[in-house]
Amino acid sequence: MIQVDHLTRTYGPHTAVDDVSFVIKAGEIVGLLGHNGAGKTTIMKMLTGFLEPTGGTIQINGLDMAGNRRAIQSLIGYLPENCPLYPEMTVAGFLEYQAILHGVGANHLGPLLRETLERTALTDKAGQQIATLSRGYRQRVGVAQAILHRPKILILDEPSNGLDPTQIQHMRSLIRELARESTLLISTHILQEVQAVCDRVIIVQRGRKVVDARLAELAIGQRLVVTTGAGADVLLAGVEGVDAVEVLSAENGRCSYALSTAMAAQDLASAVAAAVVGQGRPLYGLAPESRNLEKIFSEINTTGGREQ
């Protein structure tokens with residue numbers, strides 16, 4: 001659905017996006033992550049045709065961006081950062097205007113408008129001026145204009161920006177619902193958002209892609225965590241395949257150790273279990289180390305952002 005090859009964008013001597021490539025398949029929900037200034041918004045602007053790449057190619061739904069910009073834009077729903085709205089217009093009036101710009105026919109306009117207002121919980125605000133809305137409701141209007149024409153691809157830059165906890169839960173449900181009919185690329189700095197709704201994550205740092213993996217794969221670390229009695233570090237260090245042993249915690253005679261290994265953590269498990277039990281020691285726990293996105297971000301900063 002989306003294919004990006006060696007995408008680059010420079011501003012004079014500054015490189016905002018540096019040789020980024022990835023493929024997003026139909027129906028995926030992909031999170032685009034990175035610190036402020038990492039290049040996320042620049043990538044999204046190029047994918048939507050609002051910014052010309054300095055180098056590289058973009059293909060969407062089999063069409064090349066360089067020669068089919070308008071056709072590609074008709075397939076996309078886009079929520080830009082700080083979505084521009086017309087404050088003097090009503091919510092319904094603004095959405096109707098956006099629908100006309102997208103070429104929605106008069107016979108489809110009414111049903112689509114009603115459905116979109118319901119999906120974004122804006123029905124009660126339909127006749128209200130945008131200028132009078134709270135920040136959270138204005139953000140919902142931005143999402144509504146992006147999904148109104150039922151696009152095949154949704155590119156959402158910080159969709160939960162300004163929403164309260166209840167509104168965030170509603171947005172998560174809406175994103176999952178939209179994924180049944182659209183491919184989604186979501187940029188956010190809220191790691192919990194990605195873990196809650198995304199299948200896969202792409203992380204950029206200083207303009208370069210450093211991670212592109214499914215969340216389930218990232219959650220499994222390369223270390224094996226074993227919980228047994230205290231004083232087992234020498235025993236564990238002697239197991240073939242163990243490169244290093246780190247004590248994670250020690251309490252009430254139980255101790256958890258993280259075993260570093262060049263092999264897959266689960267492949268080391270049987271040898272570790274045999275060594276512990278063979279010495280007559282209790283085995284309280286044995287599992288690959290789990291990682292969340294916060295830990296992955298920390299690892300990226302520690303390693304200097306080498307691509308994974």
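Of the 308 residues in the protein chain, 47% are buried, a term that means under 20% relative accessible area, with exposed over 50% and partly exposed in between (1.4 Å probe, protein chains only). The model is predicted, so local features need pLDDT of at least 70 and side-chain atom pairs count only at pLDDT 80 or more, while totals for chains, interfaces and linings use all residues. Residues are numbered from 1 along each chain as its sequence is written, and side-chain values use heavy atoms, with hydrogens and water left out.

The protein chain has 11 helices and 14 strands. These are DSSP runs numbered from the N terminus (helices: H or I, at least four residues; strands: E, at least two). The C-alpha atoms fill a box of roughly 80 × 45 × 30 Å along the principal axes. Among contacts (heavy atoms within 4.5 Å) with a separation of 6 or more, 68% join residues 24 or more positions apart.

The largest pocket holds about 600 Å³ of space. Its lining comprises 18 residues; Phe50, Tyr78, Gln98, His102 and Gln145 are the closest to its centre. Helix 2 (69–73), strand 6 (76–79), helix 3 (91–101) and helix 5 (135–147) each give two or more residues to this lining. On a 1 Å grid over the protein atoms alone, a pocket is an open set of points with protein on both sides within 12 Å along at least five of seven lines; a cavity is a set where a 1.4 Å probe fits but cannot get out; lining residues have an atom within 4 Å of a point. Grid points are joined across faces, edges and corners, and a volume is the space filled by probe spheres set on the points.

The count comes to 1 cavity of 30 Å³ or more. The largest cavity has about 40 Å³ of space. Pro159, Ser160, Ile175, Ile186, Thr188, Glu193 and Val197 line this cavity.

Serine 160 sits in the loop between strand 7 (153–157) and helix 6 (165–178). Serine 160 counts as buried because its relative accessibility is 6%. Beyond its neighbours within four places in sequence, serine 160 contacts Gln139, Ile168, Met171 and Glu193.

Arginine 172 belongs to helix 6. This residue also counts as buried, because its relative accessibility is 16%. Residues up to four places away in sequence aside, arginine 172 touches Gln192, Glu193, Ala196 and Val197. Glu193 and Val197 also line the largest cavity.
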